Amino acid sequence: VTRILTGITTSGTPHLGNYVGAIRPAVEASRTPGTQNFYFLADLHALIKVQDPAKVQRSTLEIAASWLACGLQPDNDRVWFYRQSDIHEIPELTWFLTCVASKGLLNRAHAYKAAVDRNRAEGLEEQEDHGITAGLFMYPVLMAADIMIFNAHKVPVGRDQIQHIEMARDFAQRFNHLYGEPVGKQYFVLPEAMIEEHVATLPGLDGRKMSKSYDNTIPLFAPREQLKKLIFSIVTDSRMPGEAKDTEGSALFQLYQAFANAEETDAMRAAFADGIGWGDAKQKLFDRVDAEIAPLRDRYETLMAKPALIEQQLLDGARTARERLGTPFMRQLREAVGLRDLS
Ligand code: ATP
């Protein structure tokens, strides 16, 4: 079996980008025979960015309800759905990996480098680490532990995450070399990034990547009226109806494409060339998105009214994943590095 793993950070309300880039393809993949699927709410990751407990809790419920509303059917045998922080082996493995991770490699991680660059740009060359937590710095190690505790083979990610998967491979190789080779064992498989070429990175309302951190999102389950308002607020250029419009670089077109089939996309491309007015184009986008989301939104509302049911599913997911996989594997790893045998 191929083990596939995907997580969403519980740092805010899930948005159309999370749906198109993660939830929709993952739910489809979970129906493929011959795979084991691990879907989790990355709440330990959320702590790197969010220090508001109510927000983390709310986000956890919203993201969990979203996965289930979009058709995820956890069976705790082939499809697991859980909260990262309920898998106690993850922070423990994070420490094991921290002790084989090269600091120099972590210095080169994109998220950390971007934070350093921001400080430098603000004239803080002397204190380039100003305001950067060790949590942000260590983020790739935590991510490696998420993947490696279940020895996942494939991790569907956006291009910006390839580097983190390469780091996980590096930690896996070092661990295998240090502790596996002397006893003829290969503890970790080397995970691979699965780049979904056909899955677009959705732009947000301001044209940058749609992201919980940028406050530029269209929430996946915004009420209908709000969805309409947000879609009508997407930034467009000042071309008038009758003037041909560029599909290239148009956030509106990219969003449409992510929800439409090939035929509908071609028709929209032709409408752009024919000078469709922005208002009409936005109406078409709204109709298309709402047609796909409306039935899911009803299920979402029902689920959000039953948090205890969601909680039970998450707890069952974590318990069975630990019993079957995480705990026995961690025993092996503890033995490998020379810690007390827990059994
Ligand atoms: P944050 O701002 O907290 O980093 P995010 O909204 O950018 O959050 P994550 O929770 O880090 O997203 O990512 C969860 C999944 O959603 C990942 O698989 C990621 O590739 C996907 N994703 C996030 N934003 C987009 C987007 N704009 N377009 C397509 N996929 C996206």
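Count the secondary structure and you get 13 helices and five strands. Keep in mind that this is a predicted model. The C-alpha trace spans about 75 × 50 × 35 Å along the principal axes of the protein. How does that sit with the chain length? For 343 residues, a compact globule would have a radius of gyration near 20 Å, and the protein comes in at 22 Å, so the two agree. Of the 343 residues, 36% are buried. As for who touches whom, take the contacts with a separation of 6 or more: 76% of them are between residues 24 or more positions apart.

Next, the domains. Domain 1 takes in 2-201 + 306-337, while domain 2 covers 221-302. Notice how domain 1 is written in two pieces, with the domain 2 range falling between them in the numbering. Where they meet, six residues of domain 1 are in contact with seven residues of domain 2. Which helix gives the most to the domain 1 side of that meeting? That would be α3 (residues 53-69), with three residues. By class, this side of domain 1 has five nonpolar residues and one polar residue, with no charged ones.

Strand β3 (residues 79-83) is mostly covered, with five of its five residues buried. Is one face of β3 covered, or both? Both: Val 79, Phe 81 and Arg 83 are buried on one side, and Trp 80 and Tyr 82 are buried on the other. Alongside runs strand β2 (residues 35-42), parallel to β3 and joined to it by five bridges. If you want a spot to look at, find Phe 40, which stands opposite Tyr 82 in β3.

Finally, the ligand. There are 19 residues around it, and those that come nearest are Thr 9, Gly 17, Gly 21, Ala 22 and Ser 213. Two elements give two or more residues to this shell, namely β1 (2-9) and α1 (16-29). Helix α1 has the largest share, at five residues.

Technical notes
Residues numbered from 1 in each chain as written. Predicted model: local features only at pLDDT ≥ 70, side-chain atom pairs only at ≥ 80, totals over all residues. Domains from an automatic or database assignment. Contact = placed C-beta atoms within 7 Å. Helix = DSSP H or I, 4+ residues; strand = E, 2+ residues; numbered from the N terminus. Nonpolar A, V, L, I, M, F, W, Y, C, P; charged D, E, K, R; others polar. Near = placed C-beta within 6 Å. Rg over C-alpha atoms; globule rule 2.2 N^0.38 Å. Buried ≥ 20, exposed ≤ 12 C-beta atoms within 10 Å, placed from the backbone. Pairing = 2+ DSSP bridges.
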